[in-house]
Amino acid sequence: MLGKTAGSLFWMARYLERSENNARLIDAGFRIALTRSSTARSEWKSILVTAGSNQAYAATGQDYSSAKVVDFMLRDTRNPSSILSVVKQARDNARTARTYLTREVWEAVNTSWMTISALLKRQVRDDDLPDVLSVIRQQSALVRGAWTGTMLRNDGYNFARIGTFLERADNTARILDVKYYLLLPSVAHIGTSIDNVQWETILRSVSAHRAYHWLYGAEISALKIAEFLILYKQMPRSLAFCSQKMVDNIGWLQRGYGEETEAGRMAEALHQKKLAGPIQAIFDGGLHEYITDFLRANAALAQQIERDYRFVE
Amino acid sequence: MQGQGGDTRAPYQEFCEWFNAEEPARIHRKAQQAEAFFRTTGITFNVYGQEDADERLIPFDVVPRIISASEWRRLSRGIEQRVRALNAFLYDIYHRQEILRAGRVPVELISRNEAFLPMMMGMDPPGGVYTHISGTDIVRTGPNEFYVLEDNARTPSGVSYMLENRETMLQMFPELFAKVPVREVSDYPINLLRSLAACAPPMCGGTPTVAVLTPGIHNSAYFEHSFLADQMGAELVEGHDLRVVGGRVAMRTTQGYKPIDVLYRRVDDDFLDPLNFRPDSVLGVPGIWDVYRAGGITIANAPGTGIADDKALYSYMPDIIEFYTGERALLPNVPTWRCSEPEHLREVLDKLPELVVKEVHGSGGYGMLVGPAASKKEIAAFRAKLEANPRNYIAQPTLSLSTVPIFTKAGLAPRHVDLRPFVLMSPAGVTITPGGLTRVAMTKGSLVVNSSQGGGTKDTWVLED
């Protein structure tokens, strides 16, 4: 297949994943803003940092009020990561890769763009926000369903999957990066009452607050949350899960093409070295440093894939 | 749909029986579904000069345009004759120029033609084919009376509408196709692939690799480019995916550069090769021309075929057909005044309010005058343009185009239509898909069917014998 097409599939998947992640971040931020107005502003700021949009937001000169941040994250075209921008980008990439998509997938992506851009024509009122976010989530579920049900499991499939997991790992790591201070054992030791709302925000931003309690019961500890998000292999947004998938998908590409690549080696190394655990070792080595390292390695892997598979000249 | 005296024309008989038994409300509902279907499928186009505007839908009308088996036989024979003559003409112009020597076509028509490519002189395109894909615009003016309005030999568009219109009709009214025996159009993409592959260049080894070259997702016809590539199972490439590697034009794949044998290009000649044609173009492939000359790639349609699209040349088509086939044209031309000739110009200026005047190189329905529909002021303005640069125009009588019904809120209403059948040519022969694209002027009385001017489309049925 064309390198450009592989790149478009990769980016289409990344943008689709990003729109879903950002919808989840908005949801988490909105909840915290409703329940504790006193810290809402700093929460919104950290959510913007997580979404990688804080610089763009600061450039608009607006304050960190709920309505303004939500509008910026949903529909501001000055924000390249707003849901509207991201869904548009996903659709443009799908159009470029149109010949590699089934009719079902293309129509799902196109419909999702039409539905979401119609929904976001005007500013969304607070009481409509949960509905709007739920439509956005539904739309990505439709795309995912069409994708899983109809796509050939060929090279194009693998490029898109790699995009999905790379973006997802990036997102989970960013959440940890912004909130790492809450997870530091020193804070927990100091013995201030564990901030349940904060924990919940973290878990909600990865749609896993229920799953966590299923696994760990009522006990909320920094160590456990970090373990869950970083090392827990059955959690579909954990770093270990995502990196395993990247290893698998690049592996299939390598076998299909009969050619080993540097990207394959890097993915393997990332998985082996960074995600072997145990969690205590990660804490001992410094959680913040660990996450920074992971984000850097993840980004380097993305660049290597782009080079090895000739997305651009 | 109706002949003289108001009785239903024979080909429409079965359709009418079905239609009369249907609830208008149901058809109306279906028509709205069709629009939603076109939107989700993404069958939209961008209007040039409105970059920021939303993608637009071409209006679709649910009443099919129906052509009888005998009408189609006559049409397709005439079209085949015409396309063969055009191809022979192109070969001749780029070789010995017998027709110019014989004085049947004036030399200036070629020498002053911007689409003429001197670098094609003496060049033999693979398989001897220039017009791999063409579209012949036809109008019907009365029972068994057809005229050819225009030949499209560059990169005629609209074939995806022909296919998707049928698909839509099949989805909306499946029962109708059980009642009326309509000929299939769905094998067009596979015929296109076969036809292109049959023109593989000398350097091709094995199964030819075919690719479609598009200017990109912002082009107004991008939907069609991706649609055709998808249906053929061919790669859809842009200029930046291609480069010349080892004497072949090759595309950048995930595993390195792979040579292309046949390039179905949907960009104009000017944008093919920045080294040899237009240096400012970013769309093309530097050096593709040299590969073409050396027999390393087939370009479809061949560079330089645009001379056959010229509206001044059009008026010579009956002579061209006779010159190369020894037969009279089976399908007549619309009588045409060439404004470059003083007597013709005088005549045209005399009866401007009755005529249709077109730019020689124009397309898309832009820059034309429809005399009977124009105001006095518009006619006066056009008269000035015509006098200032007569060579730029041709004029034709306003034909009493036949109408076919469209479905409106108030029921069926007559509208003017034309027809563009699509023709494939390869060394193996000429293939014409039964039917084509019917374009319809959606406004009452209008004669302009171009989509850029608000025209719509219909499914076109050719009946089985």
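# A walk through a two-chain predicted model

Let's begin with one residue: leaving aside residues up to four places away in sequence, Met12(A) touches Ala90(A), Asn93(A), Ala94(A), Ala97(A) and Ala160(A). Touching, or being in contact, means that the C-beta atoms of two residues, placed from the backbone, lie within 7 Å.

Quick housekeeping. This is a predicted model, where local features need pLDDT of at least 70 and side-chain atom pairs count only at pLDDT 80 or more, while totals for chains, interfaces and linings use all residues. Residues are numbered from 1 along each chain as its sequence is written, and chains are lettered from A and ligands numbered from 1 in the order in which they are written.

Okay, why start with Met12(A)? In the largest nonpolar core, which has 196 residues, Met12(A), Val249(B) and Leu263(B) touch the most other members. A nonpolar core here is a set of buried Ala, Val, Leu, Ile, Met, Phe, Trp, Tyr and Cys residues joined through C-beta atoms within 7 Å. Buried means 20 or more other C-beta atoms within 10 Å of the residue's own, exposed means 12 or fewer, and partly exposed is in between, again with C-beta atoms placed from the backbone. Helix 1 of chain A gives the most to this core, with 15 residues. Helices (H or I, at least four residues) and strands (E, at least two) are DSSP runs, numbered from the N terminus. There is another core apart from that one, with eleven residues, including Val62(B), Ile406(B), Val417(B) and Val449(B).

Now, where do the chains meet? 21 residues of chain A are in contact with 18 residues of chain B. On the chain A side, helix 1 (3-35), helix 5 (83-96) and helix 6 (103-119) are the elements that give two or more residues. Helix 6 of chain A gives the most, with five residues. That side of chain A divides into seven nonpolar, five polar and nine charged residues. For the classes, Ala, Val, Leu, Ile, Met, Phe, Trp, Tyr, Cys and Pro count as nonpolar, Asp, Glu, Lys and Arg as charged, and the others, Gly among them, as polar.

Axes are lines fitted to C-alpha atoms, for helices over the stretch in contact, and angles run from 0 to 180 degrees between N-to-C directions. Glu107(A), Asn110(A), Thr111(A) and Met114(A) make the contact from helix 6 of chain A, with Arg39(B), Thr40(B) and Thr41(B) from helix 2 of chain B. By class, that contact has one nonpolar, four polar and two charged residues.

Compare a pair inside chain B. Helix 8 (residues 188-197) and helix 9 (residues 222-232) of chain B have axes that come within 9 Å and cross at roughly 80°, which makes them roughly perpendicular too. Pro189(B), Leu192(B) and Leu193(B) of helix 8 meet Leu228(B), Gln231(B) and Met232(B) of helix 9.

On to strands. Chain B has an open sheet of three strands in the order 8-9-10, with antiparallel pairing; two strands pair if DSSP finds at least two bridges between them. Strand 8 (242-245) and strand 10 (256-259) each have a single partner strand, so one side of each is left without a neighbour in the sheet. Strand 9 (residues 248-253) is joined to strand 10 by four bridges, and one bridge pairs Ala250(B) with Pro259(B).

That proline comes back. What does Thr209(B) touch, residues up to four places away in sequence aside? Pro259(B), Ile260(B) and Asp261(B). Thr209(B) sits in the loop between helix 8 and strand 6 (210-213) of chain B, and its C-alpha atom is 7.6 Å from that of Pro259(B), 50 residues apart along the chain. Thr209(B) is partly exposed because 18 other C-beta atoms lie within 10 Å.

Last stop: is strand 22 (residues 456-462) of chain B mostly covered or uncovered? Mostly covered, with seven of its seven residues buried. Strand 3 (residues 60-67) of chain B runs parallel to strand 22, joined by five bridges, while strand 21 (residues 437-440) pairs with strand 22 in the antiparallel sense over three bridges.

Definitions and conventions:
Parallel < 35°, antiparallel > 145°, perpendicular 65-115°, else oblique.
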